[in-house]
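Colleague: Could you walk me through this model, please? I would like to take it slowly.

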Amino acid sequence: MSVKAQSKDAATNPRGIPYAPFVDKVEDYVSSRAEVDGTMKSFQEMISKYQFMEVNTQRRVAGLKEKIPDIQKTLEMVQFLESRRPGSDPIETTFELNDTLYAKAVIPPTDEVYLWLGANVMLSYPVAEATTLLESKLSTAQQSLENCEEDLDFLREQITTLEVATARVYNWEVTMKRKEKPEHGDEDAGGETKRVLPNG
């Protein structure tokens, strides 16, 4: 059974990341020492792909962890504006212009808010619609974060599985090398032969 055929038909996690092949019997992957180099190279290529996906997922997690608090803060503010009844007194507050600069503002009761959508785009929304939109965005971001964290655990497991598989194939090759020694090696290098025999 080739490693490529095994990985092509392998099951995946819910986001489509394939499971790494689990090497229980090395003979299922290599039938001779001539196939060892190709198998080891295939395992190393898969490890590199999983590590690449791990780095990208870590970046996405970092972005979501930064984005979610901003959505929560915006949603809380919109919910506060939605809770104010018409005719209520204006409130005085400060708002952030940049990291170190704030300005004062007087906010009367309103039924309209402006939301940044990214790429320097801002749109006006009725307060109720803005609340619904932000709740949806928050839920989506939280689910994405949960999925990414699950994927990170999954990717680490697959990397470990392949590292173990690589070690097993390597050890199998070492064993085959010893078995292929000439029969007269028992006479010429008896001490060496004894070191590779099982204990007892």
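**Helix crossing**

Modeller: The crossing of H2 and H3 is left-handed, a word used when the near helix is turned anticlockwise from the far one by less than a right angle, with clockwise counting as right-handed. Please keep in mind that this is a predicted model, in which local features need pLDDT of at least 70, side-chain atom pairs count only at pLDDT 80 or more, and totals for chains, interfaces and linings use all residues. Residues are numbered from 1 along each chain as its sequence is written, and side-chain values use heavy atoms, with hydrogens and water left out.

Colleague: At what angle do H2 and H3 pack, and how far apart are their axes?

Modeller: Helix H2 (residues 36-83) and helix H3 (residues 127-179) pack at about 160°, and their axes are 7 Å apart. The two are therefore roughly antiparallel, a label for angles over 145 degrees. By class, their contact has 29 nonpolar, 13 polar and 11 charged residues.

Colleague: New topic: what is the phi of Asn 120?

Modeller: Phi of Asn 120 is near 60°, which is a positive value in a residue other than glycine. Most residues other than glycine have a negative phi. Asn 120 lies in the loop between strand E3 (112-118) and strand E4 (121-126), and at 74% relative accessibility it counts as exposed.

Colleague: And how much space lies in the largest pocket?

Modeller: About 1400 Å³ lies in the largest pocket. There are 33 lining residues, and the closest to the centre are Thr 74, Met 77, Tyr 114, Leu 115 and Trp 116. H2 gives the largest share of the lining, eight residues.

Colleague: Last one: how many helices and strands are there?

Modeller: The secondary structure comes to five helices and four strands, where helices (H or I, at least four residues) and strands (E, at least two) are DSSP runs numbered from the N terminus. Read along the sequence, the pattern is α-α-β-β-β-β-α-α-α, and buried residues make up 28% of the 200 residues in the protein.

Notes:
Axes fitted to C-alpha atoms, helices over the stretch in contact; angles between N-to-C directions. Parallel < 35°, antiparallel > 145°, perpendicular 65-115°, else oblique. Nonpolar A, V, L, I, M, F, W, Y, C, P; charged D, E, K, R; others polar. Buried < 20%, exposed > 50% of the residue type's maximum accessible area, 1.4 Å probe, protein only. 1 Å grid on protein atoms, 1.4 Å probe; cavity = no way out; pocket = protein on both sides within 12 Å on 5 of 7 lines; lining within 4 Å. Points joined across faces, edges and corners; volume = space filled by probe spheres on them.
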